[in-house]
Amino acid sequence: MIISNFNNSYATEFTLSNDSGMTVVLTDIGADIVKIIVPDKDGNPVDVALGYDEPEHYVTNKTTFGAIVGRYANRIGGAQFTLNGVTYKLDVNDNDNCLHGGFNKWYSRTWFPTANEADNSVTFRLFSPDGDQGMPGNATISVTYKLTDDNALSIRYEAVSDKDTYFNLTNHNYFNLSGEGTETMTDHTMWIDADKATAIDSQLIPTGEIVNIKGTALDFTTEKVISKDIDADEEAIKLGGGFDHNFILNNPSLSKPFARVSSPRTGIVMEVFTDLPAVQFYSGNFMGSDPNGKGGKAYAYRSGFALETQYYPDTPNHPDFPGSLFRAGEKLESTTVYKFSVN
């Protein structure tokens with residue numbers, strides 16, 4: 001493990017590596033992923049994580065590259081919810097709703113790191129006070145990244161509050177398995193083990209209906225090229241401007257992947273595992289406005305994708321959705337794994 005200043009700044013970088021040719025670079029700004037370097041089919045190193053060279057861009061990070069998102073990732077409709085008879089008002093930062101915690105993002109803050117060289121891991125901790133982002137309870141958060149010898153990056157989330165509260169933590173890394181800066185990822189093939197999704201309204205808020213997606217443009221149960229249906233003439237695709245949907249996983253598991261993505265250019269394959277009930281597949285439909293990418297790149301429209309493991313969006317306003325409510329003293333514990341190989 002290498003611990004260094006991030007580009008001679010106030011921020012710190014942590015570099016994890018293994019004997020299989022994989023390197024992961026992390027920073028204490030937002031507990032963000034800076035780089036994920038994996039070997040391609042010819043053994044050449046490829047950085048598959050979009051991001052920045054300058055630490056200050058991770059503070060603003062308007063595209064959410066590599067970021068840990070909380071307290072409640074994704075959207076909360078109407079930017080409010082009621083819990084124990086109290087209505088909590090949140091920031092309105094996405095149409096009429098709250099997205100990824102509002103304006104005071106977790107990923108703009110400095111987290112407190114602990115490196116574990118023997119375990120090839122780094123744990124980042126954050127204190128989120130009562131009322132932070134409008135949410136109840138003093139909460140302590142920890143996120144542990146671990147790199148294993150079989151080219152798997154695991155992310156373990158833990159959170160606990162002294163009041164009843166909602167948690168939904170995820171990582172919002174953008175991947176391009178052909179290499180960051182490649183103009184598109186829509187030539188990737190993808191498989192997602194999900195027969196259902198949450199229906200959405202015009203502001204991408206769940207209506208409460210669970211819909212069968214078999215045979216629709218959202219169906220990835222048979223592996224297909226992402227471009228095949230990304231602009232399909234279906235209402236769900238039009239609402240999302242492409243893929244920006246909550247897929248309900250058939251078999252969440254840390255022993256069996258729920259998704260597989262591969263690049264035809266590099267042969268790099270990524271499998272994803274989680275114990276959470278859903279994933280947001282986002283195909284970069286709003287990219288193209290940030291000129292500060294690595295090497296001065298202005299990452300293009302749909303040049304990266306995200307697979308954000310999660311509880312369902314807007315669960316605080318849908319009591320029939322799988323519970324993301326944690327009672328005082330009850331700990332959230334969850335793990336997601338991104339594992340890399342080649343065809």
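Is Lys339 buried, partly exposed or exposed, and at what relative accessibility? Lys339 counts as partly exposed, at 29% relative accessibility; here buried means under 20% relative accessible area, exposed over 50%, and partly exposed in between (1.4 Å probe, protein chains only).

Before you click on, a word on the model. It is predicted, so local features need pLDDT of at least 70 and side-chain atom pairs count only at pLDDT 80 or more, while totals for chains, interfaces and linings use all residues. Residues are numbered from 1 along each chain as its sequence is written, and side-chain values use heavy atoms, with hydrogens and water left out.

**Stop 1: the sheet**

Start with the strands. Helices (H or I, at least four residues) and strands (E, at least two) are DSSP runs, numbered from the N terminus, and two strands pair if DSSP finds at least two bridges between them. Colour the open sheet of 9 strands, which runs S11-S12-S13-S14-S27-S23-S22-S17-S20 with antiparallel pairing. At its edges stand S11 (112–116) and S20 (224–225), each with a single partner strand, so one side of each is left without a neighbour in the sheet.

Now select 121–128 and 139–147: these are S12 and S13, paired in the antiparallel sense over 8 bridges. Pick Val122 and you will find Tyr145 of S13 opposite.

**Stop 2: back to Lys339**

Show side chains next. Lys339 forms a salt bridge (a side-chain nitrogen of Lys or Arg within 4 Å of a carboxyl oxygen of Asp or Glu) with Asp150, the closest N and O atoms being 3.6 Å apart. Lys339 lies in strand S27 (residues 332–342) and Asp150 in the loop between S13 and strand S14 (152–161), so the pair ties together parts that are 189 residues apart in sequence. Asp150 is partly exposed, with a relative accessible area of 41%.

**Stop 3**

Select Lys294 and Asp47, whose side chains meet in a salt bridge at 2.6 Å, N to O. This pair links distant parts of the chain, 247 residues apart: Lys294 is in the loop between strands S24 (278–282) and S25 (306–310), and Asp47 is in strand S5 (residues 45–47). Lys294 counts as buried at 3% relative accessibility, and Asp47 counts as buried at 16%.

Then move to Asp94 and Arg75, a salt bridge with its closest N and O atoms 3.0 Å apart. Asp94 sits in the loop between S9 (86–89) and S10 (98–99), and Arg75 in S7 (residues 75–76), 19 residues away. Both Asp94 and Arg75 are buried.

**Stop 4: a network**

Finish by selecting Arg156, Glu158, Lys331 and Glu333, which are linked in a network of salt bridges. Across the whole structure, a search finds 19 salt bridges.
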